[in-house]
Amino acid sequence: MGLPGLLRAVIASVCLGSIMAQKVTQNQSEIPVLEKEDVTLNCAYEANSYTYYLFWYMQPPSGEMIFLIHQESYNELNTTKGQYFLNFQKTMSSISLTIKDLELEDSAVYFCALRDHSDAGA
């Protein structure tokens, strides 16, 4: 068994939308983190249109997919929601999720997802 209070943040990627050449890449794998620490998960993407939406989800060991936070491509301000902070770098096609003050309940697989504006009605 691991150290008491040791968390694991495992990241993966998901691309929502049409079969167009959208791409989401997360190069980090399992990240061991202690309780009350912060962790940053990185995501690079390729989008086909000027307007798109980026999402972060978590999947705890119980298996359900839980929506955390999202960012619209036309919003220049980084989104914050509770313990979740986004660092959106549109010119670099990247978005990072920082989770503050981790708790054991935050142990999960984290997914970055992209939805192109042209798919909004789908």
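This is a predicted model: local features need pLDDT of at least 70, side-chain atom pairs count only at pLDDT 80 or more; totals for chains, interfaces and linings use all residues.
Residues are numbered from 1 along each chain as its sequence is written, and side-chain values use heavy atoms, with hydrogens and water left out. The chain has zero helices and 10 strands, where helices (H or I, at least four residues) and strands (E, at least two) are DSSP runs numbered from the N terminus. Of its 122 residues, 39% are buried, meaning under 20% relative accessible area with a 1.4 Å probe and protein chains only.

**Strand β5 and its partners**

- Strand β5 covers residues 52-59, and seven of its eight residues are buried.
- On one side of the pairing list, β5 runs antiparallel to β10 (residues 108-116) and is joined to it by eight bridges, with Tyr 53 having Arg 115 as its bridge partner in β10; two strands pair if DSSP finds at least two bridges between them.
- Strand β6 (residues 66-72) is also antiparallel to β5, through six bridges, and Ile 69 in β6 is the bridge partner of Trp 56.
- Six residues lie between the strands in the hairpin of β5 and β6, where Gly 63 takes a positive phi near 105°.

**Nonpolar cores**

- The largest nonpolar core has 24 residues, and those with the most contacts inside it include Leu 41, Trp 56 and Leu 97; such a core is a set of buried Ala, Val, Leu, Ile, Met, Phe, Trp, Tyr and Cys residues joined through side-chain atoms within 4.5 Å.
- Two or more residues of this core come from each of β3 (31-34), β4 (39-46), β5, β6, β8 (84-89), β9 (94-99) and β10.
- Apart from this core lies another, of five residues, among them Tyr 53, Tyr 57, Phe 111 and Ala 113.
- Leaving aside neighbours within four places in sequence, Leu 97 is in contact with residues including Val 39, Trp 56, Ile 69 and Tyr 110, contact meaning heavy atoms within 4.5 Å.

**Glu 72**

- Glu 72, found in strand β6, is buried yet has no salt bridge, the nearest side chain of opposite charge being Lys 90 at 11 Å; a salt bridge is a side-chain nitrogen of Lys or Arg within 4 Å of a carboxyl oxygen of Asp or Glu.
- Beyond its neighbours within four places in sequence, Glu 72 is in contact with Tyr 52, Tyr 53 and Phe 88.

Terms used
Buried means under 20% relative accessible area, exposed over 50%, partly exposed in between (1.4 Å probe, protein chains only). Lys and Arg count as positive and Asp and Glu as negative; His and the chain ends are not counted.
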